[in-house]
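Visitor: I am new here; could you walk me through this one?
Guide: Gladly, here it is.

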Amino acid sequence: MSNLIDAAQVRRQVWLILVAVVALYGLLRLSFGPLPQDPSYHLLADTRTCLGIIPRAGDVLTNLAILAAGLFGLALRTRMAVATEARAAVNVLIAASILTAFGSTYYHWAPANATLIWDRLPMAIVLMALLALVMADRVHPLFARYALWPFTALGVASVSLWGVSEAMGQGDVLLYLIVRIGTGAAIVFLLILRPQQHTGTKWLVAALVCEIVMAVFERFDHAVFGLTGGLASGHNLKHVMAGVALAFVFWWLRVRKALTPSRP
């Protein structure tokens with residue numbers, strides 16, 4: 001009976017989170033209207049061509065760091081310290097990480113809102129799978145099972161809503177930003193406020209530090225390109241740090257050890 005109660009409580013909390021996110025979006029949308037994607041986002045510093053065939057080569061080729069991280073996770077998959085209910089979340093995290101490398105490559109080959117959708121879609125799934133895994137560690141193990149697919153649906157919906165709104169001529173990236181920023185904030189609060197059920201938190205903290213560094217590099221894309229004499233742009237380095245951050249997450253899943261017996 002206690003197992004059923006735990007499962008029901010977790011499901012209820014998952015849906016309360018989803019309702020809260022949608023309500024926040026609705027409130028902000030009604031208060032401020034749609035938030036369009038800034039067209040200047042696509043004006044990236046690195047416009048070099050490699051071998052005469054790879055446009056924006058720095059931003060395209062540095063996605064190899066993200067791909068390498070995804071393959072690193074795939075190589076570690078069978079040796080990760082993950083309970084049965086978390087296996088699907090780990091598989092989704094690994095697959096979405098690999099797809100992010102291809103989606104980002106596609107976007108940087110021809111930067112535009114239409115291609116940016118395929119960059120953000122797998123990245124949103126990465127964030128949702130990671131949040132489910134962190135909640136499983138910090139709140140209850142069943143979050144890995146019951147939060148994964150609803151959270152993934154939310155991530156996909158946030159990007160899809162933006163894509164559809166762009167096609168209708170009134171782009172609205174607000175829900176995606178709520179999901180993107182909210183996920184990072186939620187993970188930080190969980191690490192600070194909730195006790196860990198596994199060791200290895202330092203690897204998650206390292207991944208969060210990488211996330212902060214990524215934001216700085218992205219913000220100062222052109223400035224970094226100038227400071228390095230055109231060797232590397234901020235966005236180039238953002239991709240490298242994204243790969244490092246994902247590798248830290250996968251290593252956390254590999255080396256962590258349970259501090260208390262897992263709840264059924």
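Visitor: What makes Val-188, Phe-189, Ile-192 and Leu-193 a nonpolar patch on the surface?
Guide: A patch takes residues with over 30% relative accessible area and no salt bridge, with nonpolar side chains (Val, Leu, Ile, Met, Phe, Trp, Tyr) joined within 5 Å. These four form such a patch, with about 430 Å² of accessible area together; the area comes from the Shrake-Rupley method with a 1.4 Å probe. This is a predicted model, where local features need pLDDT of at least 70, side-chain atom pairs count only at pLDDT 80 or more, and totals for chains, interfaces and linings use all residues. Residues are numbered from 1 along each chain, and side-chain values use heavy atoms, without hydrogens or water.

Visitor: Why does Val-188 count as partly exposed?
Guide: Buried means under 20% relative accessible area, exposed over 50%, and partly exposed in between. Val-188 has 33%, so it counts as partly exposed. Val-188 is found in helix H8 (residues 174–193).

Visitor: How do you know that Asp-119 has no salt bridge?
Guide: A salt bridge needs a side-chain nitrogen of Lys or Arg within 4 Å of a carboxyl oxygen of Asp or Glu. For the buried Asp-119, the nearest side chain of opposite charge, Lys-238, is 6.1 Å away. Asp-119 is found in helix H5 (residues 113–138).

Visitor: What does Asp-119 contact, leaving aside neighbours within four places in sequence?
Guide: Gly-103, Ser-104 and Tyr-107, where contact means heavy atoms within 4.5 Å.

Terms used:
Helix = DSSP H or I, 4+ residues; strand = E, 2+ residues; numbered from the N terminus. Buried < 20%, exposed > 50% of the residue type's maximum accessible area, 1.4 Å probe, protein only. Lys, Arg positive; Asp, Glu negative; His and termini not counted. Patch = residues over 30% accessible without salt bridge, like charges linked within 9 Å, V, L, I, M, F, W, Y side chains within 5 Å.
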